[in-house]
There are 2 protein chains.
Amino acid sequence: VNNIIFLARGEIETFLPGERLAEAKLLMEPYVLIDPEEIADEGAWLQFLEENNPEIIFSGWAMEALPNHVFDLAPNLKYLCYLTGTIRSVVPRSLIENGLLVTNWGSSISRTISECALLLVLGCVRRVSYWTQKMHSEGAWNDGSETHSLFGKRIGIHGFGMIARELIPLIRPFTDRISAFSPGVPQSIFDEFEVSQEGSLEALFSENDVIVELEALTDETKRIVDEKLLRTIPANGVFVNVGRGAVVDEAALARVAKEGRIQIGLDVYEAEPLPKGSPLRGLDNVLLLPHVGGPTTDRRVDAGDHALRNLRSYRNGNELKGVFNLEVYDRST
Amino acid sequence: VNNIIFLARGEIETFLPGERLAEAKLLMEPYVLIDPEEIADEGAWLQFLEENNPEIIFSGWAMEALPNHVFDLAPNLKYLCYLTGTIRSVVPRSLIENGLLVTNWGSSISRTISECALLLVLGCVRRVSYWTQKMHSEGAWNDGSETHSLFGKRIGIHGFGMIARELIPLIRPFTDRISAFSPGVPQSIFDEFEVSQEGSLEALFSENDVIVELEALTDETKRIVDEKLLRTIPANGVFVNVGRGAVVDEAALARVAKEGRIQIGLDVYEAEPLPKGSPLRGLDNVLLLPHVGGPTTDRRVDAGDHALRNLRSYRNGNELKGVFNLEVYDRST
């Protein structure tokens with residue numbers, strides 16, 4: 001039995017800098033380390049699995065998919081420690097049903113996305129898209145128009161998962177008026193973060209100055225943020241989405257955007273890349289980022305540290321963080 | 001003797017909304033309230049001062065200047081409660097020498113400028129000027145280039161007055177690596193804010209990832225941030241100025257900006273309005289705002305509350321906040 005470290009050079013450099021690779025090797029003993037480039041095709045990958053019959057695989061974006069019958073090839077396999085995000089494309093659901101333990105970067109990357117949310121919120125409140133375009137292209141200067149601050153504003157968050165929870169300490173210095181709507185999240189979590197619960201999505205949108213969209217994408221939440229809801233955001237209000245583009249009816253969002261009544265900040269879209277002809281482009285009340293919320297390259301190390309902690313916990317028989325159970329699997333995209 | 005409330009309608013609406021004007025009137029009894037528009041010229045203003053012989057004047061931007069010989073006209077005058085910022089254009093230095101008590105908005109507006117500083121810092125780290133211009137004008141999308149976060153970065157602040165102190169709680173959630181260089185500020189203040197002192201301006205610039213410029217403008221600090229200093233900022237570093245434009249050699253800043261090695265965020269400039277032909281315009285590593293840092297219109301109310309607190313303290317014989325003594329007068333611009 002050899003455990004498998006299956007990581008590309010670029011992954012090792014950015015996720016496991018410094019002493020981290022050495023520590024990973026210790027935790028993976030006995031191990032083989034292989035660059036995915038050395039595996040020619042799926043057949044070679046399956047043969048490699050069979051030859052080594054690993055208990056643990058430590059891998060990431062560059063991993064080949066595990067086949068449905070992986071336990072026939074590698075009956076010892078118990079744990080996939082996955083450095084990065086997307087699990088569904090590399091792990092069939094049946095493997096989790098049959099007891100394969102899987103962890104990914106979990107919430108270790110959440111705070112970088114929260115940072116992006118704060119940036120978009122501040123950028124909307126301060127009309128950064130407008131000023132960037134006017135200052136650079138049109139020689140503009142302060143026209144004496146009304147200016148706004150985030151201090152004291154009412155902030156409403158749709159969805160209260162890990163990114164929303166990491167956002168709270170970033171916005172707390174600006175305001176105590178923070179509420180959220182997130183069916184299924186227990187009251188104790190809201191209490192812990194001192195965030196009040198809105199009674200409905202309608203109340204969230206109509207009774208806050210700033211809406212931050214962070215709801216998970218499911219069949220129920222697809223396009224749940226529709227034109228009617230968007231139109232209830234107060235004048236000069238802000239709508240920011242750093243979660244999932246398809247939670248919002250993007251055509252409706254573009255119509256509302258065009259009227260200029262609210263400020264909009266987006267890092268995610270229904271279709272990505274955002275089409276060149278999207279009506280969201282060219283509007284000076286819309287701040288656009290190209291899905292760069294997180295994790296940022298310089299914070300991949302947080303995901304590396306998270307994976308190492310999980311490998312250590314696995315070896316010591318302790319509880320792992322961010323286990324990809326069936327519920328999480330089915331909610332992921 | 002009548003105290004004078006000398007405020008424009010727009011000042012009353014934005015600085016003293018709600019019950020604040022009524023409270024001001026109570027504190028100013030006996031008072032006359034006059035709209036500056038009703039005073040035809042300087043002669044009418046001096047006559048008005050003489051007729052009312054006020055102990056207190058409550059005014060702001062719209063105020064006529066006090067003459068050097070104001071005590072001849074209004075021998076009772078003791079306190080000018082000034083709602084807004086610039087004092088030098090309305091109060092000759094000699095009046096402060098002769099004991100006139102003057103307060104202005106003091107530090108009540110600092111936090112809005114700190115908010116702008118955080119926005120520019122995050123906007124630089126996340127390359128918002130680049131993405132805004134490319135996403136809106138060129139149909140761009142994520143090109144896979146390296147991305148950066150503020151988490152864990154070293155932040156160095158030049159100047160440690162009220163705006164810098166208000167900035168600390170806003171950036172603390174991102175990093176504990178905060179230092180400052182501000183000659184004359186006692187060690188106890190740095191200790192209170194848990195900020196380490198850099199030994200020199202050179203160390204501040206070369207040993208931090210993000211520089212926030214907040215030093216006061218004096219004869220000594222004029223253009224103190226020169227090309228040599230700017231070139232010591234590490235690659236991919238950030239330079240943000242929300243303080244005084246003339247502390248920086250702007251021509252040198254434009255040359256450094258053009259090379260694209262660092263990200264730059266500016267709200268203030270050597271000459272304002274920023275000339276249409278400024279070489280800072282059109283660069284995608286420079287985030288430009290037109291001196292809108294603060295106070296924002298919606299937070300003028302903080303200056304109103306600050307003024308009311310001072311009027312109350314004056315009436316009760318308590319200490320006033322933000323008194324404009326000769327030292328502050330000489331440092332102001």
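## A left-handed crossing in chain B

In chain B, H2(B) passes H13(B) in a left-handed crossing, a name used when the near helix is turned anticlockwise from the far one by less than a right angle, clockwise being right-handed. Helices here are DSSP runs of H or I with at least four residues, strands are E runs of at least two, and both are numbered from the N terminus. H2 covers residues 20–28 and H13 residues 300–316, and their axes come within 10 Å and cross at roughly 25°. Axes are lines fitted to C-alpha atoms, for helices over the stretch in contact, with angles from 0 to 180 degrees between N-to-C directions. H2(B) and H13(B) are therefore roughly parallel to each other; angles under 35 degrees count as roughly parallel, over 145 as roughly antiparallel, 65 to 115 as roughly perpendicular and the rest as oblique.

Which residues meet? From H2(B) come B:Arg20, B:Glu23, B:Ala24, B:Leu27 and B:Met28, and they touch residues of H13(B) including B:Val301, B:Asp305 and B:Leu308, where contact means heavy atoms within 4.5 Å.

## How the model is read

This is a predicted model: local features need pLDDT of at least 70 and side-chain atom pairs pLDDT 80 or more, while totals for chains, interfaces and linings use all residues. Residues are numbered from 1 along each chain as its sequence is written, chains are lettered from A and ligands numbered from 1 in the order written, and side-chain values use heavy atoms, leaving out hydrogens and water.

## Where the chains meet

Chain B and chain A each bring 54 residues to their contact. Together they bury about 4,900 Å², 64% of it on carbon and sulfur atoms; buried area is the accessible area (1.4 Å probe) that two parts lose on being put together, summed over both. B:Arg126, B:His136 and B:Trp141 supply 17% of the area that chain B buries against chain A, more than any other three residues.

Four salt bridges are found across this interface, each a side-chain nitrogen of Lys or Arg within 4 Å of a carboxyl oxygen of Asp or Glu. A:Glu115 forms a salt bridge with B:Arg126, with the closest N and O atoms 2.9 Å apart.

Helix H7 (residues 128–137) of chain A packs on helix H7 (residues 128–137) of chain B at about 80°, their axes 10 Å apart. H7(A) and H7(B) are therefore roughly perpendicular to each other.
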